[in-house]
Amino acid sequence: MTKTYQLFIDGKWLNSKSAETFYRINPANPKEILGKFQQGTKDDIDKAVDAAEDAFGKWSSIPPPKRGEILFKIVELLRVNKERLARLMTKEMGKILLETRGDVQEAIDTFEYFAGEGRRLFGHTTTSELRDKFAMTIRRPVGVFGIITPWNFPIAIPAWKLAPALICGNTVVWKPSSDTPLCAIELMKILTKAGISDGVVNLVTGPGNTAGMHLVKHKKVRGISFTGNRDTGKQIVKEAGIKKVGLELGSKNAMIIMDDANLKLALDGVIWGAFGTTGQRCTATSRVIIHETIRKRFEKTLVERVKKLRLGSGLNPRTDVGPLVNKAAREKSARYTKIGMEEGGKLICGGKIPKLNGFFFQPTVFTDVAIDMKIAKEEIFGPVVSLIPVKNLNEAIKAANSVEYGLSSSIYTNDIRTAFEAIEKIEAGITYVNAPTIGAEVHLPFGGVKSSGQTREAGWAGVEEFSEEKTVYIDYSNKLQRAQIDTK
Ligand code: NAD
């Protein structure tokens, strides 16, 4: 019997007004149905926004350290439930247990970091140009925040948004991806168990283009924090109106390997960066820009290693690479593989749909890829990596910067001057030296440049995203003092 899950609005689990539901299946075994979920509507979003608006006054007036105590309870509950949530996540979106445990750990770290922020939430004090006048800034919550999240980090990414939103005193309507509604419901249950009061966080599952877009346009919503595809991000910017909008979008991350690099280290980096999460990370390594003198040697060892990667259910401890999230994602990898071959890229490994139950695609490597090919420019979001040969650092940086995206990047080199030149010149929000393009830590800012987004989140940047800075002047001179005029 398939279990039916509900929306969470104003502290109650409810059916959608649409009376419609959708199924979520296990991508490693599509016959296994994980549950039936509500197709939330515009009416459901309205109800959730009203609840969040009503709850705002009370929640925002609780002292932030007290709100932090609730976040610490969330941390405890996530710790106790870590293994259960990781297993459920592997079943729902496919990545291997090692990685889903990491996803839950990232949420634990995030809630812990922001619980502590309850005792900081700094503004700043500064001087005044006038005598007997005090100047400072304080932080205020924004109001009702709409949070819209993808499926690839179904607990960590919501945590990146919920934790700062809550500590700063906002209330929330959360629309998760329809590929991971169960993870969202489980996280929501933990939030309620920790004592988040009615209306403070409301969860509406359902379609992005109706329920999600209604949230984006909603007049009572004061901020939107979105992570997802570039094209969805473009629509959101167009439709949000005058609101605070945070965007974390797609990417085409490059790893540069120079001729002086430790090649064994770089090889480990490519395997983890390109095929971890089956290539479905916003920070996945999808281009390897490699010095031509070491290219052949590297290609050979890379192919040997990639061929050994074991595909299968992420619940099996022997599995290296799980399935893609759904059939469409697998088709996208297959389509780009075909395009890559037509464009003249040389397929040296993988490229096929294996004979396995589930949405699997072979880990795939192209070489002799030129920067103007589609496989070198467009986000595939699957286990497909392109090797781009270059003659020197200048060419490498030019190739790295040749795409419209700019989220993560990395360089392998043992030359400090080369490393610093890359740090300075690569157009990306993140640059790793001698590490792959993935591996963000929660207390540092995260985000991209160009089409990868326009904001930063995590760490202190999360506080900035989810609060307004108010400027306060206190004049204790007991007379009218005019700035820029009475300054003598
Ligand atoms: P997506 O844009 O299809 O969906 C993301 C969320 O937006 C989902 O909840 C979806 O229902 C909702 N949505 C879809 N259309 C909408 C609309 N018109 N209005 C409002 N909401 C809408 O993205 P996805 O397939 O779930 O995720 C993969 C993408 O996310 C990739 O491009 C990846 O690079 C990106 N991503 C970026 C980051 C980052 O931090 N930069 C992190 C993870 C994933």
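Buried means under 20% relative accessible area, exposed means over 50%, and partly exposed lies in between. The model discussed here is predicted.

Q: Why is Lys91 called partly exposed?
A: Lys91 has a relative accessibility of 32%.

Q: What makes the contact of Lys91 and Glu32 a salt bridge?
A: The N to O distance between the two side chains is 3.1 Å. The cut-off is within 4 Å, from a side-chain nitrogen of Lys or Arg to a carboxyl oxygen of Asp or Glu; therefore the pair qualifies as a salt bridge. The pair links distant parts of the chain, with Lys91 in helix 2 and Glu32 in strand 4, 59 residues apart.

Q: Why is Glu32 called partly exposed?
A: Its relative accessible area is 23%. Buried would require under 20%, so Glu32 is partly exposed.

Q: How do you know that Lys66 forms a salt bridge with Glu69?
A: The closest N and O atoms of Lys66 and Glu69 are 3.4 Å apart. The limit is within 4 Å, so this pair also meets the definition. Both residues lie in helix 2, 3 residues apart, about one turn of the helix.

Q: Why is Glu117 called buried, whereas Arg120 is called partly exposed?
A: Glu117 has 1% relative accessibility, and buried means under 20%, so Glu117 counts as buried. Arg120, at 41%, counts as partly exposed. The side chains of Arg120 and Glu117 meet in a salt bridge at 2.8 Å, N to O.

Conventions
Residues are numbered from 1 along each chain as its sequence is written. This is a predicted model: local features need pLDDT of at least 70, side-chain atom pairs count only at pLDDT 80 or more; totals for chains, interfaces and linings use all residues. Side-chain values use heavy atoms; hydrogens and water are left out. Helices (H or I, at least four residues) and strands (E, at least two) are DSSP runs, numbered from the N terminus. Buried means under 20% relative accessible area, exposed over 50%, partly exposed in between (1.4 Å probe, protein chains only).
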